[in-house]
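Q: I would like to learn how to read the features of a protein model, one at a time. Could we go through them slowly, with the general idea before each case?

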Amino acid sequence: MSSNGLLAGESPFNYVIPLFIIQLTIIVITTRTLGFLLKPLRQPPVIYDILGGVLLGPSVMGQSQAYASLFFPLWSVSVLETVANLGLVLFLFIVGVEMDLSMLWGIGRKSMAVAFSGMILPFLISTVISFFINYTDIHQGSFLLFLGIALSVTAFPVLARLLTELKLLNTDLGRIAMSSAVINDLMAWVLLALAIALTNSKSQIFASLWVILSGVFYVFFCIFVVRPIIMWIIRQTLEGETIDEIYLSFIIASIFISSIITDSVGINAFFGPFVFGLVIPNGSLGALLIERLEDIVHGMLLPIFFVISGLRTNVLLITNFWMAGVLILVISAACAGKVLGTLLIARFYGMPVREGLSLGVLMNAKGLVEMIILNVGRNQKVIDDQSFAIIVLMAVIVTSSITPLVTIIYRPARLSLPYKRRTIQHTKSDKELRMLVCMHNEDSVPTILRLLESSHPTRRSPMSVYALHLVELTGRASTMLITHNIRTNRSTKSKTDQIINAFENYRQKLVGVSVQVLTVASPYPTMHEDICGLAEEKRAALIVLPFHKQKTVDGRMEARNPAFQTINTNVLMNSPCSVGILVDGGQSGDNRHSESRVFQNVGVLFFGGADDREGLAYASRMSQHPGISLTVVRFVEGEHVLENVVDPEKEEMDMLSVFTERDKEKQLDNECINVFRHRHLSDESVLYIEKVVNNAEETVEVVRGMDSNHDLFIVGRGQGMLSPLTVGLTDWSDCPELGAMGDLLASIDFAAMASVLVVQQYLGVMSMEGTAMTPDSLGDGSEQLMLNDARRGLVSQTLHQNRSPASIAVRSGMIV
């Protein structure tokens, strides 16, 4: 096992432990180096793991007898295989946990048809190929079964990583591919268990039947006995707490027990952990198990298995034109069978040719399951060394070709229908307002519900609310979007159930509102893509996001999760509609607001610009609620405001463009205000005030004077519309996503316990005739045009950053 050391005259290469450590070091360094070199090609890890084995094996470096006998002697292979199989047992458990079987309930006929057609046609083609490639005395039926499974399988974990690299995981194409791969993988495991049973029992029909029935019994045992035990373990752990180490140890031990059971009945040691992983439910337990096992399995143990497959692959066995022709035939048949079968089904369901071809190419992803099938077949002496080498090379070539082929073939069309009402300002009051409200947990639900009730949905002015629970993706291979039935009674205490119950109560109390609750589980770096994609799919006019900080009882702002801020920023940059960030003022526990389900006193700060116009349009809708008093404060530049706002170094044409743009914005602001005043001329619950100020200091003083009188402030983000009245406020801004005034209202220094809604208007689509609100609709553009994204920043880049050195008394004018 271990030597006495070089000083004692013993070579470590002659002992198990030091040689294994040396082999492991060589394997890790080789595979990680290949991964680094192949990273620009966006290849999955299985490719460079297998290539690493081929490089270290008899095909390349193994040609040196001195190297082979020193680093990889025959007696050491059994040790490597033992550790590799241990890693494989753990990895297949992880694959089972990651595979979301709830996807099967929502899988449509299209995915089912793609999965079956992608298996049947390659399987039939392999029947013909087997007569050419199998020229030994191996049993033809067993060889046919193993070869057919190897050619028809789709590797679910490899496909998930390929779709992530290609950024197709959240597209319709990606969802169909993943759903089909789940079915394909499950069918492959069933066929592999059948093949092993038939091979082990040879001509003994009753023995084969017994093995198959034992496997079926084991599956039912896991479903009806093991899963309830796992659910009991989960119930013993309070939400938010870590699962006890005793339970974790029991589950990990059960992984190996399940492996022993299936190996004992004659199926395979890998089948048991896979099925055991499937019965682990979604949630913290699966995430914790994966977190504990994934690094060591993926980083060290699994590469050993793929390297051993490469070590067994001797490409020099293919020495003549006949074998080369067979290799090309196998590769062509495996690819063509899947692509053709998938394309036919895709065309039958009306998919474009390019998408059908891309789907067929993606379904050719090979990897883990195929390597297991080949190694089991080789150990069972069903597949010889030459056939093994051919099929391994086929897997490497086909899988490595997927990324470049899909990049060339796939040209995604615009699947979502264009819609005009991407803003509140462009949604007529008698048209349905669609809102997507997001929440990370139940803490932000009360404030969001108050905002929704304040929006005053009625039969004449209906509202559709899509409540999206945002969950970090852990323990699953792909993004999940779950639609909940809010009318179902839920007595559990999970976060999602509490959110569903809260929105069901909200829906029952109001008329003119429809509610749909959804959950999206996605990685934080790409969560904004799911939010924006869902907003476009639901044709929303406004996305409401919770602020990443929460106000405590003593008035401090406490950050909940820094990742939430990144998500908000990414949504603001990529949103297909207007966006609002809601800062919770902490009124949930305030007795002053306990009896009210709406924001009673709403204040709007209007400095000008598209964002402020959008905020005013939303506030105008809220003012229709009989329980709301609305105060609109327009800040007007005084006589002593800083006039030199243009950088003197700018060229004359640039300055002309800036002033022209400012004049247009002021004209739109004036039209918007006039329409608003005309509409609410006789409304006693609406108060319009103009405050004449000259600099940021006076602006802050005015805002501080109104902080104790309001429950909610609505303010535009003001991106690209830097006003002389707010110049300098951003110098000490902690949260640039809120803008100058939003950051001030949400800051620790601001004493208000009011909530704040910071609004950014979508500027991708605007009216050809301007954006002024009409008395009817608060603005409804009949024609749309695309604006340059730089329009927001045109003014801000040319405004002077200096503030007025003196403070001037505030003059105010009140207009009723």
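A: Let us begin with the words for strands: two strands pair if DSSP finds at least two bridges between them, while helices (H or I, at least four residues) and strands (E, at least two) are DSSP runs, numbered from the N terminus. In this case, L545 has I581 in strand 8 as its bridge partner. This is a predicted model, in which local features need pLDDT of at least 70, side-chain atom pairs count only at pLDDT 80 or more, and totals for chains, interfaces and linings use all residues. Residues are numbered from 1 along each chain as its sequence is written, and side-chain values use heavy atoms, with hydrogens and water left out.

Q: Which strands pair with strand 5, and over how many bridges?
A: Strand 5 (residues 542-546) pairs in the parallel sense with strand 1 (residues 433-439) over three bridges, and V544 of strand 5 is the bridge partner of V437. Five bridges join strand 5 to strand 8 (residues 578-583), and these two run parallel.

Q: How do I read the two faces of strand 5, and are its residues buried or exposed?
A: In a regular strand the side chains alternate between the two faces of the sheet. Buried means under 20% relative accessible area, exposed means over 50%, and partly exposed lies in between (1.4 Å probe, protein chains only). In strand 5, L542, V544 and P546 point one way, whereas I543 and L545 point the other way, and all are buried; the strand is thus mostly covered, with five of its five residues buried.

Q: How is burial read for a helix, and why is helix 12 described as largely enclosed?
A: An α-helix has 3.6 residues a turn, so residues three or four places apart point the same way. Helix 12 (residues 271-278) is largely enclosed by the rest of the structure because eight of its eight residues are buried, among them F271, P273, F276 and L278. In helix 20 (residues 527-537), the buried residues are M527, H528, D530, I531, C532, L534 and A535.

Q: What follows helix 20, and what is its phi?
A: Helix 20 is followed by R539, whose phi is positive, near 60 degrees, a positive value in a residue other than glycine. R539 is found in the loop between helix 20 and strand 5, and it counts as partly exposed because its relative accessibility is 33%. H456 likewise has a positive phi near 60 degrees, and H456 is found in the loop between helix 18 (445-454) and strand 2 (463-472).

Q: How do I describe two helices that pack together, and at what angle do helix 4 and helix 13 pack?
A: Axes are lines fitted to C-alpha atoms, for helices over the stretch in contact, and angles run from 0 to 180 degrees between N-to-C directions; contact means heavy atoms within 4.5 Å. Helix 4 (residues 74-98) and helix 13 (residues 284-311) pack at an angle of about 140 degrees, with their axes 7 Å apart. They are therefore oblique to each other, since angles under 35 degrees count as roughly parallel, over 145 as roughly antiparallel, 65 to 115 as roughly perpendicular and the rest as oblique. Among the residues that meet are L80, L88 and F91 in helix 4 and L289, L293 and F305 in helix 13.

Q: What is the angle between helix 2 and helix 13?
A: The axes of helix 2 (residues 45-56) and helix 13 come within 7 Å and cross at roughly 45 degrees, and these helices are therefore oblique to each other. Residues that meet include V46, I50 and V54 in helix 2 and P303, F306 and V307 in helix 13.
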